[in-house]
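Let's walk through this fold together, starting with its sheets and ending with a pair of helices.

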Amino acid sequence: MSEEEEKDFLIRTGINCIDCGGALKKAPNCLKCNKCKRKYSRNKLKVWDFTPKQKPAIYLDFYKNEDYQKWTKVFEEQEIYDWSIYNSKFKRVFSKAGHRILGRRIKRSIKDDETLVEIGAGGGALLDEFKINNYLGLDTSMKVLAVLKKRHPNATAICVSGRKLPFQSSSIIHLVSLHTLEHIYHLAEHLQEVKRILKQNGKFYFVIPTEGGWAFYLGRLLFTGPHVRRKYKINAHEVMAREHINDARRVLKFLRFYFSSVKKTFWPISIPILSINVMIYGFCKNKKET
Ligand SMILES: [Zn+2]
């Protein structure tokens with residue numbers, strides 16, 4: 001899509017100014033906020049920069065951990081050159097199961113003219129699963145969004161902060177978040193935003209790992225932990241305690257706080273016990289107006 005086409009698409013989707021919440025209008029070479037006059041345009045990576053002017057000031061001490069800092073660099077590189085764990089077919093079956101399953105469901109329920117918004121889109125792994133006309137990918141990393149845009153030129157990519165989402169209230173009907181909620185420190189604030197932008201009849205699809213259960217702990221102890229230690233000299237437990245700041249129970253609890261219905265399925269064994277599964281997928285709905 002050209003920048004002009006993307007401008008129309010963004011306005012149709014209900015894009016807002018990230019700083020003041022004002023409506024955006026088409027202007028020459030940009031979208032312009034009605035209220036604060038901030039201008040938005042695609043940068044040279046063809047990504048829209050919607051990071052707020054006022055960056056959140058807090059940076060907690062435990063995120064300054066040396067292993068964690070090292071890991072965030074590795075992580076970004078891996079998103080860019082595709083996850084090395086996807087190289088083995090067996091591991092791919094596990095790590096991309098959520099993309100496959102939710103991909104199929106979304107494809108079934110989305111109409112041709114409807115838009116899918118993905119939070120934490122990364123390099124566009126979900127788009128590898130199915131073709132879609134109107135797709136908007138959000139992420140906090142400009143680098144990985146550049147990859148998404150290269151791999152899927154018809155997708156629209158927006159760099160955001162995660163806490164605030166640049167859309168009008170009740171504007172989005174299909175919202176998806178894969179392996180993202182477990183990372184977000186301000187989970188409640190984030191979900192409040194998700195709920196705000198979701199239409200009454202909209203759906204919020206999610207996938208989270210069964211963090212906090214034995215399967216995940218043992219997997220890390222026996223496989224990913226030693227691998228990461230060998231390859232990058234990083235302590236995986238130290239890193240993941242921070243990276244997956246929300247375990248599955250906490251995420252599910254907050255989903256229940258914010259949504260009137262939370263449909264979930266455990267995978268690969270559909271008995272709802274954390275310790276024998278590796279992932280939980282499902283969708284949430286806003287309360288129906290009566
Ligand atoms: Zn504004």
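Two strands count as paired if DSSP finds at least two bridges between them; the strands (E, at least two residues) and helices (H or I, at least four) are DSSP runs, numbered from the N terminus. The model here is predicted, so local features need pLDDT of at least 70 and side-chain atom pairs count only at pLDDT 80 or more, while totals for chains, interfaces and linings use all residues. Residues are numbered from 1 along each chain as its sequence is written.

Start with the open sheet of three strands, ordered S1-S2-S3 with antiparallel pairing. S2 (residues 30-33) pairs with S3 over two bridges, and Lys 32 sits opposite Lys 39 in S3.

Now for the eight-strand open sheet: its order is S4-S7-S6-S5-S8-S9-S11-S10, and the pairing is mixed. S4 (48-49) and S10 (261-267) are its edge strands, each pairing on one side only. S9 (residues 198-209) and S11 (residues 279-285) run antiparallel over seven bridges, with Tyr 205 partnering Phe 283 in S11. H9 packs on this sheet, touching S9, S10 and S11 (contact means C-beta atoms, placed from the backbone, within 7 Å).

H9 (residues 248-258) also packs against H6 (residues 187-197), at about 40° with axes 10 Å apart. Axes are lines fitted to C-alpha atoms, for helices over the stretch in contact, and angles run from 0 to 180 degrees between N-to-C directions. H6 and H9 are therefore oblique to each other (under 35 degrees is roughly parallel, over 145 roughly antiparallel, 65 to 115 roughly perpendicular, and the rest oblique). Among the H6 residues meeting H9 are Leu 187 and Leu 191, and the H9 side includes Phe 254 and Tyr 258.

How values were computed:
Two residues are in contact if their C-beta atoms, placed from the backbone, lie within 7 Å.
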